[in-house]
Amino acid sequence: MEKKELKKYLIIAVIIIGICLIVKNFSAIALAIKVLLSALSPLFVGCAIAYVFNIFLSYCEKYYFPKQTTGFAAYSRRPVCMVISFAVVTSIIALILKIVIPELVTAVKLITSEIPQVALMVKNWILRMSKEFPDIYDQLIDTFNINLNELSNFDWNDFTSKILNRVGSGVEVIFTGIASVIGAFTMSVTNFVIALIFAIYLLARKDKIMADIRRTKNAFLNEKTNRLVSKVFRTANDTFKNFFVGQFVEAIILGSLCMIGMTILGFPYAAMTGAVIGVTALIPIVGAYIGAAVGAFMICTESPIKALWFIVFLIILQQIEGNLIYPKVVGSSVGLPGIWVLAAVTVGGGLFGIAGMLLGVPTLATVYKLYHESLEKREEKCGIALPEPPKKPEKPEKTVPKRKRRGKKTAQPENKNQNSKDGENI
C-alpha cells in the first residue's frame with residue numbers, strides 16, 4: 001500500500017471515530033457548547049454593537065478634518081468621532097423613550113380605570129343573556145351575589161389562620177423567586193456593560209485589529225484561499241452595512257409617515273404609535289405588524305372605532321411603503337428576492353428569535369450573492385450562455401388619427417419662396 005493511500009485511509013478512520021464519539025457523547029458536548037456560548041455571549045454582543053456603531057463612526061471620520069494626517073486633528077479624530085456616535089445613538093434612544101413611556105403610562109392608567117366598568121358590563125350582559133335558562137341563571141346569581149347570612153356566620157379567625165399558614169409556606173418560594181430575578185437582572189446588566197466596554201475597545205483599536213487579521217491571512221493561507229476569504233468578508237460587510245443603513249432609514253420614514261398620518265386623521269397616541277412602529281420596523285416584514293398590534297391596542301382603550309380605522313390606515317400605508325419606499329431604500333441594497341426575504345425571516349426567527357429575524361436577511365443575501373457569482377463564473381467556464389434579464393413590455397406607440405378637412409380643397413404652394421414670388425408678380 002502506498003503512503004498516500006495509507007494517509008487517506010487514516011484520515012477517513014479518524015473522521016469516523018470522531019463522528020462516533022460525537023454521537024455517543026452528544027448531550028455532554030451540547031452542554032459544553034451551550035456553556036461556552038453563554039460565556040462568550042457578551043463578546044458576541046460587543047462585536048455586534050461595535051459593527052453597528054462603526055457605520056456612524058466611519059461616516060463621522062469622513063468629515064472630521066479628513067485631510068489632516070498629523071497634529072491634534074488626526075490624533076483626536078477617533079475619540080471625538082466615537083463620542084459623537086455614542087451621543088447620537090443615545091439621544092435617539094432617549095427621545096424614543098421620552099415619547100413612548102409617558103403615553104404608555106397614560107394608556108395603562110386608562111385601562112386600569114376602565115376594567116371595573118367593563119367587568120360590570122360583562123356581568124350584566126351574561127345575566128341578561130342567561131335569563132332564558134333558569135337553572136344557569138340561578139347558579140350565576142349565586143356566584144355573583146354574596147349571601148349576607150353566610151357572610152355574617154363566616155369564621156374569619158379560621159380563614160385568617162389558613163391564609164397566614166399559606167403565606168408562611170410561600171415566603172421561601174417568593175424570596176427564592178425574587179433572588180433569581182435580581183440575579184438574572186444583575187447578570188444581564190453586567191453582560192451589557194462588558195459588551196459595551198468590549199465594543200469601545202474594538203472601535204478604538206479597529207485599525208490595529210484589521211492589520212493583524214490581514215497579517216494572519218497572509219501568513220497562514222495561500223493566495224487563492226486568501227482571495228476567497230477576502231471576497232466573502234467584503235461581500236458580507238457590504239451587504240450587512242447596506243441592509244442596516246437602509247432598514248434604519250426605512251424605519252424612520254415609516255414611523256414619520258405613520259405619526260403624520262395619525263395626526264392628520266385625529267387618531268390618539270400618534271407620537272407613541274409612530275415611534276413604536278418605527279422601532280419595530282427594523283425587523284423585516286413582521287416588524288411593522290407588531291407595532292400595528294401595539295398601536296391598535298392602545299387606541300382601542302380610547303375608541304374601538306378609531307382602532308379599526310387605524311388598522312385600515314396602516315394597511316394602506318404598508319402597501320405604499322412596501323411597493324414604493326422599501327424597494328428603493330432597502331430592496332436594491334440587499335438584492336434578495338421577496339420570497340427569500342420571507343424565508344430568511346421565518347427560519348431566522350424560529351431559530352434565534354428577534355436577532356434571527358434581523359440577521360437572517362443580510363446573511364441569506366450574502367450567500368445568495370456569492371452563489372450567483374460562482375454560478376455565473378461556472379456557466380462562463382462551461383460555455384453556457386447567461387440568461388437574459390426579463391424585458392419590460394414595450395408601451396404601444398400612440399397614433400394620432402389624421403383629421404379630415406371639410407370643404408373644398410385648395411392648392412397650396414410648394415414652399416414659401418414660390419408664395420413670395422407669386423406675391424411679387426401680383
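Predicted model: local features only at pLDDT ≥ 70, side-chain atom pairs only at ≥ 80, totals over all residues.
Visitor: Let's start with charges. How many salt bridges are there?

Guide: Side chains of opposite charge can pair when their charged atoms come close. In this model the count comes to six salt bridges.

Visitor: Which residue forms a salt bridge with Glu61, and how far apart are the closest N and O atoms?

Guide: That's Arg78, with the closest N and O atoms 2.5 Å apart. The pair ties together distant parts of the chain: Glu61 sits in helix α2 (residues 26-63) and Arg78 in helix α3, 17 residues apart.

Visitor: Is Glu61 buried or exposed?

Guide: Buried means under 20% relative accessible area. Glu61 comes in at 15%, so it counts as buried. Arg78 also counts as buried, because its relative accessibility is 15%. Asp207 joins in as well: Glu61, Arg78 and Asp207 are linked in a network of salt bridges.

Visitor: Now the nonpolar side. Which residues have the most contacts inside the largest core?

Guide: A nonpolar core is built from buried residues joined through side-chain atoms. The largest one here has 23 residues, and Cys258, Met262, Phe310, Phe313 and Leu314 have the most contacts inside it. Two or more residues each come from α8, α9 (270-280), α10 (287-300) and α11 (304-334). A second, separate core has 14 residues, including Phe53, Cys60, Phe86 and Leu203.

Visitor: What does Met262 touch?

Guide: Leaving out residues up to four places away in sequence, Met262 touches Phe267, Pro268, Tyr269, Ala270, Thr273, Ile299, Phe310 and Phe313.

Visitor: And which helix gives the largest share of the nonpolar surface patch?

Guide: That would be α8, with four residues. The patch, which has about 620 Å² of accessible area together, includes Ile84, Phe248 and Ile252. Ile252 lies in α8 and is partly exposed, with a relative accessible area of 45%. Compare Gln247, also in helix α8: Gln247 is buried, at 2%. A polar atom of the Gln247 side chain lies 2.9 Å from the backbone oxygen of Ala281.

Conventions: Residues numbered from 1 in each chain as written. Heavy atoms only, no water. Patch = residues over 30% accessible without salt bridge, like charges linked within 9 Å, V, L, I, M, F, W, Y side chains within 5 Å. Areas by Shrake-Rupley, 256 points an atom, 1.4 Å probe, with all protein chains shown as cover. Salt bridge = Lys/Arg side-chain N within 4 Å of Asp/Glu carboxyl O. Buried < 20%, exposed > 50% of the residue type's maximum accessible area, 1.4 Å probe, protein only. Polar contact = N/O pair within 3.5 Å; in protein donor to acceptor, adjacent residues only side chain to side chain. Core = buried A, V, L, I, M, F, W, Y, C linked by side-chain atoms within 4.5 Å. Contact = heavy atoms within 4.5 Å.
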